[in-house]
Amino acid sequence: MAANHPTGRTPAKPGAALKAIRAQQGLTLAEVSEKTGLTVSALSKVENDKIDLSFDKLARLSEGLKIDITQLFGPGGSESPRPQSATRRCITRAGEGRSIEMPRGNYLYLAGDLLHKRVVPIVGEVLAKDIQTYGEFMRHPGEEFVYVLEGILELHTEMYTPARLETGDSVYFDSGMRHAYIAVGEAPCRILSICTTPERELIESQQLIEGHELSAGAAGPGAGAAGHGPSRTQPTVKRARKKAKPSKGV
């Protein structure tokens, strides 16, 4: 990301946080894998800081472990009580936030100290330049709004032709649809991304529906969503109001 105010940034520590949360909940890596759809090998690498976590994987961990996504940004993974009234406020100064740096982009998570947010605001610098070498597209539950702060962004999605967005342009889309960000040209490409996160009750109700479907279809091969195998493989990446094709995040 652009480093105008580097001193206020705190590197996110999802590996240490995940290990602490897993210990608090008394879970093995295999159990976390079952809840999130991430492989045991990938989870082990996360805990040992050998791979980075995109928003997609953070969301899957958050939903599978029933925690706030912000709890994955600190080493302790501590939880705070849900506020009872609408009196919260969180100011993030210029350049502050929890940062995650990856080959395809650097991302600064804002309002990182505030738990139970309905949206996750992120400022990102897009580094990927070639869709042919991009790899697996991103995908996560909810909706996303992207505003181009600087440069030119090329948005690729599975259902539409690529869209080129210049400074000041924006796009709102269902983030359950596979998508990828490509920076066009040599100038820096910076974006503001605001992602919605599903309500916990919505996730739980969907799991209840899936459990009912599994029971009803146990006698035949149709139990489980098409392409997923057993429905419990990725119980947290589906949306209750809209069926989605299987995938996982960056």
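Reader: How are α1 and α4 oriented to each other, roughly parallel or roughly perpendicular?

Author: Two packed helices are described by the angle between their axes and the distance between the axes. Axes are lines fitted to C-alpha atoms, for helices over the stretch in contact, and angles run from 0 to 180 degrees between N-to-C directions. Under 35 degrees counts as roughly parallel, over 145 as roughly antiparallel, 65 to 115 as roughly perpendicular, and the rest as oblique. Here α1 and α4 pack at about 10°, with axes 12 Å apart. They are therefore roughly parallel. This is a predicted model: local features need pLDDT of at least 70, side-chain atom pairs count only at pLDDT 80 or more, and totals for chains, interfaces and linings use all residues. Residues are numbered from 1 along each chain as its sequence is written, and side-chain values use heavy atoms, without hydrogens and water.

Reader: Which residues in α1 and α4 meet?

Author: Contact means heavy atoms within 4.5 Å. Pro14, Leu18, Ile21 and Gln25 in α1 meet Leu58, Leu61 and Leu65 in α4. By class, that contact has 6 nonpolar, 1 polar and no charged residues. Ala, Val, Leu, Ile, Met, Phe, Trp, Tyr, Cys and Pro count as nonpolar, Asp, Glu, Lys and Arg as charged, and the others, Gly among them, as polar.

Reader: At what angle do the axes of α1 and α3 cross?

Author: The axes of α1 (residues 14-25) and α3 (residues 40-47) cross at roughly 115° and come within 7 Å. Gly15, Leu18, Lys19 and Arg22 in α1 meet Leu43, Val46 and Glu47 in α3. That contact divides into 3 nonpolar, 1 polar and 3 charged residues.

Reader: Why is α4 largely enclosed by the rest of the structure?

Author: Buried means under 20% relative accessible area, exposed over 50%, partly exposed in between (1.4 Å probe, protein chains only). In α4 (residues 55-65), 11 of the 11 residues are buried, so the helix is largely enclosed. Lys66 follows α4, with a positive phi near 55°. Helices (H or I, at least four residues) and strands (E, at least two) are DSSP runs, numbered from the N terminus.

Reader: How many bridges pair β5 with β8?

Author: Two strands pair if DSSP finds at least two bridges between them. β5 (residues 143-150) and β8 (residues 170-174) pair in the antiparallel sense over 5 bridges. Glu143 stands opposite Asp174 in β8. β5 also pairs with β10 (residues 189-196), in the antiparallel sense over 6 bridges. There, Glu150 has Arg190 as its bridge partner.
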